[in-house]
Amino acid sequence: MRHTPDRETVAPGGPPSRQIVGRHPFTMQLVGHSHSYGRLSQKELLVGNGGAPATGSVPYGYVLAVRRDDGAIEFSAYRWDDNGRFDRFAVWPDGSAAPL
Amino acid sequence: MAGRVRGAAVAVLALAACERGKLLVGSARAVSTGPFVDAAGKMALPYSDARFRVDRDYLYVTLYAADEDIRATDRFVVAIAPLSFEVGPTSSTAPPEVDIDRDVDGSIDDGSDLDEEWLAEVAIPLVLVDTQPARVAISRCDSPKQGGRRCGSFATTLELRP
C-alpha cells in the first residue's frame, strides 16, 4: 500500500518508493492520491474514493479484500450509501487474474 | 489582486448558515454551499462547491471543482443578477472589472494522467450586482473518464452582511 499510483511521478517520494516496491514480489498494490476508484493495472488498485472530493463519476465507497480458501484474494468495491457492490474481481498470489 | 482574493479562500470555512432560505454571507468567514446536487437532488459527481465572503466593496466567490481530467473547456456557469458569466481553469467571460485568480492541480488537456482539482477565486465589485437580494445560481458540467456528461448546480439567495 502506498499513497500515489505508479503513473504519478510528480508527487514527492513517488518514484523512489516505486523503486523499493519493485524490488519485492507483491500481489496487489493499493494506492490512493486520486480521489476515485479504478483498476489501474493488473497489480494496482486505486481506492481513493473514501471521502475526499470525488474527481470522477465513481461513487464514494470502500473496498473489502478477502483471502479465499484456494489462496486467491477477492476484492469487492462497495458504495458508501447503500453498501451496493459495484466492482468485484480476484487475483492469485502472483497478481494474475483468478476466477470468481 | 491575488492577495486580496486569496483571503476569501483561506478564511476558516463555516457551514452554510441559512435563514429563511437565504445564505448569510458576512466578512469574517467564508460560507459554503456544500456539495452541488444533480437533477435528482443527490450529491453531484464529480464534486463541486462554492464559497462566499463579502466586504464593503466586493463579493468573493470561490469555485471548487474536483476533476480527474481537467480540460481548458471546463466551465462553471455563474449567474449573480444581473451578471452572468463563465469561469474555467484558464479563461472566463466575466466583465473586466471582475478579478479572477486560479489554482490548477493537474495537467490541462492531458487525459493520460489523473488530475485532482481546479479552483477559481472571483472578486465581484458589489456595484455590479443587485445585492439585496443577491440571487445566485452556479452550475458545472463535466465529462469524467468513465464517460457521460455529469452536471451539478446550486441556487439560492445571498443575504450580504459586510
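Pro82(B) is placed in the loop between strand E7 (75-80) and strand E8 (83-87) of chain B, where strands (E, at least two residues) and helices (H or I, at least four) are DSSP runs numbered from the N terminus. The peptide bond that joins Ala81(B) and Pro82(B) is cis, with omega about 0 degrees. The structure is a predicted model, in which local features need pLDDT of at least 70 and side-chain atom pairs count only at pLDDT 80 or more, while totals for chains, interfaces and linings use all residues. Residues are numbered from 1 along each chain as its sequence is written, and chains are lettered from A and ligands numbered from 1 in the order in which they are written.

A cis peptide bond also joins Leu45(B) and Pro46(B), again with omega about 0 degrees. Pro46(B) lies in the loop between strand E4 (30-32) and strand E5 (48-54) of chain B.

Strand pairing in chain B was examined next. Two strands pair if DSSP finds at least two bridges between them. Strand E12 (residues 150-161) of chain B pairs with strand E3 (residues 22-26) of chain B in the parallel sense, over 5 bridges. In this pairing Leu24(B) stands opposite Glu159(B) of E12(B). E12(B) also pairs with strand E11 (residues 134-142) of chain B, here in the antiparallel sense and over 9 bridges. Cys141(B) stands opposite Cys151(B) in E12(B). Strands of a sheet pair through backbone hydrogen bonds, either parallel or antiparallel.

A nonpolar core is a set of buried Ala, Val, Leu, Ile, Met, Phe, Trp, Tyr and Cys residues joined through C-beta atoms within 7 Å. A residue counts as buried if 20 or more other C-beta atoms lie within 10 Å of its own, as exposed if 12 or fewer do, and as partly exposed in between, with C-beta atoms placed from the backbone. The largest nonpolar core has 46 residues, of which Phe52(B), Leu59(B), Val61(B), Leu63(B), Val87(B), Val122(B) and Ile124(B) touch the most other members. Strand E6 (residues 58-66) of chain B gives the most to this core, with 8 residues. Residues are in contact if their C-beta atoms, placed from the backbone, lie within 7 Å. Leaving aside residues up to four places away in sequence, Val61(B) touches Ala50(B), Phe52(B), Val78(B), Val122(B) and Ile124(B). In soluble globular proteins, nonpolar side chains tend to be buried together.

Asp101(B) is in strand E9 (residues 99-105) of chain B and is partly exposed, with 18 other C-beta atoms within 10 Å. The C-alpha atoms of Asp101(B) and Arg53(B) are separated by 15 Å, the two residues being 48 residues apart along the chain. Asp109(B) belongs to the loop between E9 and strand E10 (117-125) of chain B. Asp109(B) is exposed because 12 other C-beta atoms lie within 10 Å. Its phi is near 60 degrees, a positive value in a residue other than glycine.

Chain A contains 1 helix and 7 strands. Along the sequence, the pattern of chain A is α-β-β-β-β-β-β-β. The radius of gyration of chain A, taken over C-alpha atoms, is 14 Å, close to the 13 Å that the globule rule (2.2 Å times the number of residues to the power 0.38) gives for 100 residues, so chain A is as compact as a globular protein of that length. The C-alpha atoms of chain A fill a box of roughly 35 × 35 × 15 Å along the principal axes. Of the 100 residues of chain A, 18% count as buried. Among contacts in chain A with a separation of 6 or more, 24% are accounted for by residues 24 or more positions apart.

In chain A, 3 strands form an open sheet of mixed pairing in the order E1-E3-E2. Strand E1 (29-31) and strand E2 (37-41) of chain A stand at the edges with a single partner strand each, so one side of each is left without a neighbour in the sheet. E2(A) pairs with strand E3 (residues 44-47) of chain A in the antiparallel sense over 4 bridges, and Tyr37(A) stands opposite Val47(A) in E3(A). Asn83(A) lies in the loop between strand E5 (73-79) and strand E6 (85-91) of chain A. Asn83(A) is exposed, with 9 other C-beta atoms within 10 Å, and its phi is near 60 degrees, a positive value in a residue other than glycine.

Between the chains, 16 residues of chain B are in contact with 11 residues of chain A. The side of chain B that touches chain A has 6 nonpolar, 2 polar and 8 charged residues. In this classification Ala, Val, Leu, Ile, Met, Phe, Trp, Tyr, Cys and Pro count as nonpolar, Asp, Glu, Lys and Arg as charged, and the others, Gly among them, as polar.

Terms used:
Contact = placed C-beta atoms within 7 Å.
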